[in-house]
Amino acid sequence: MQKELATPTDHPFTWLDLNDPAPEELNQVAQKYDLYYTVIKDCLEPDHLPKFESIGPVNFIITRIYNPDKETDADTIQELSNKIAIFYSKDFIITVHRSAQPVLDEIKDRFVTPGHCQSTAELTIRIVRWVLTSYIDPGLALATELDGHESALFLGKPTRQVLQQLYYLKRKASSAKRILTLTEDILHCLQRSEGASPVLQDTLDLHLKARTIYEQLEEAATHLLNIYLSMASQRTNDVMRVLTVFSAFFLPLTFIVGIYGMNFEHMPELGWRYGYPVVLVSMVIVALGIYGWFKRKGWL
């Protein structure tokens, strides 16, 4: 489906928006606006990463907007975001996407209709800015979720579910950071192509903020994962230490019992009247000696 969000009659440029277009429909638009066939091919790929290309008078941008409708365990670039392709020249701008993007209508109502956008370059920058804005609130929500996992890790009893949630959180932060890293190249290309402007500078600042959020999230999640694994290893070591202590106590006692359980004929202690209590006292003395030794070494 295609619709015109701006026409030369009322604005300095044409804005054509294509929502989930068929290949034939997109090819017709490409022929009408003289778009290069390779960028049309990229435009049809739903999993394409952000990029910027300049082909003659037409600039081509692929950007990815955060998708809040995905399930909580979505952790890849394709699952976390939707692609928006932008073609723009001096006279027209074409946006292409496979799912409805209400943000474009909001941009039209706030900036295009009142006449605040007087060029396709400025409109493109504002679209990229709103794409970046879509990552801020999810990033802050992930930061709050991370604080909860941290409290559960240090103040509660960590479970495997916490480990799984930390893993997905780290994956989300890593995927979003990769998108933002590639988007930085788009902003620099826009800066070289269109020059500096207040809107572009604000967009660069917003990009820095969003990228910082996800870099800190990824680093903190990795740190908590390492702490969780260290704590699990420590718990294993504590169990092994207790088992080792018990083994150290019972090994000499078992040795003594084993000797007197052999039942050889010529063992004088077997016929001795006080043999049994002497062996018991000897076992107690050995156990107390081992206990004192462990205590002195600080192992108990």
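## Helix packing and salt bridges in a predicted model

Helix 8 presents V245, A248, F249, P252, L253, I256, V257 and Y260 to V279, M283, V286, A287, I290, Y291 and F294 of helix 10, where contact means heavy atoms within 4.5 Å. The residues of this contact divide into 15 nonpolar, no polar and no charged; Ala, Val, Leu, Ile, Met, Phe, Trp, Tyr, Cys and Pro count as nonpolar, Asp, Glu, Lys and Arg as charged, and the others, Gly among them, as polar.

The structure is a predicted model, in which local features need pLDDT of at least 70 and side-chain atom pairs count only at pLDDT 80 or more, while totals for chains, interfaces and linings use all residues. Residues are numbered from 1 along each chain as its sequence is written, and side-chain values use heavy atoms, with hydrogens and water left out.

Helices (H or I, at least four residues) and strands (E, at least two) are DSSP runs, numbered from the N terminus. Helix 8 and helix 10 (residues 275-297) pack at an angle of about 155 degrees, their axes lying 10 Å apart. Helix 8 is therefore roughly antiparallel to helix 10. Axes are lines fitted to C-alpha atoms, for helices over the stretch in contact, and angles run from 0 to 180 degrees between N-to-C directions; those under 35 degrees count as roughly parallel, over 145 as roughly antiparallel, 65 to 115 as roughly perpendicular and the rest as oblique. The crossing of helix 8 and helix 10 is right-handed; a crossing has this hand if the near helix is turned clockwise from the far one by less than a right angle, and is left-handed if anticlockwise.

Helix 5 contributes A121, T124, I125, V128 and L132 to the contact, and helix 7 contributes L180, T183, L187, L190 and E194. These residues comprise seven nonpolar, two polar and one charged.

The model contains eight salt bridges, each a side-chain nitrogen of Lys or Arg within 4 Å of a carboxyl oxygen of Asp or Glu.

| Salt bridge | N to O distance |
|---|---|
| D20 and R98 | 3.8 Å |
| E184 and R211 | 2.3 Å |
| E215 and R211 | 3.0 Å |

E184, R211 and E215 are linked in a network of salt bridges. Within it, E184 in helix 7 and R211 in helix 8 (residues 198-260) are 27 residues apart and link distant parts of the chain. E215 and R211, by contrast, both lie in helix 8, four residues apart, about one turn of the helix. E184 is partly exposed at 23% relative accessible area, as is E215 at 31%; buried means under 20%, exposed over 50%, and partly exposed in between (1.4 Å probe, protein chains only).

The salt bridge of D20 with R98, with the closest N and O atoms 3.8 Å apart, also links distant parts of the chain: D20 lies in the loop between strand 2 (14-19) and helix 1 (23-33), and R98 in the loop between strand 6 (92-97) and helix 4 (102-112), 78 residues apart. D20 is partly exposed, with a relative accessible area of 42%, and R98 is partly exposed at 43%.

N19 lies in strand 2 and is buried, with a relative accessible area of 18%. Not counting residues up to four places away in sequence, N19 touches M1, H97, R98, S99 and A100.
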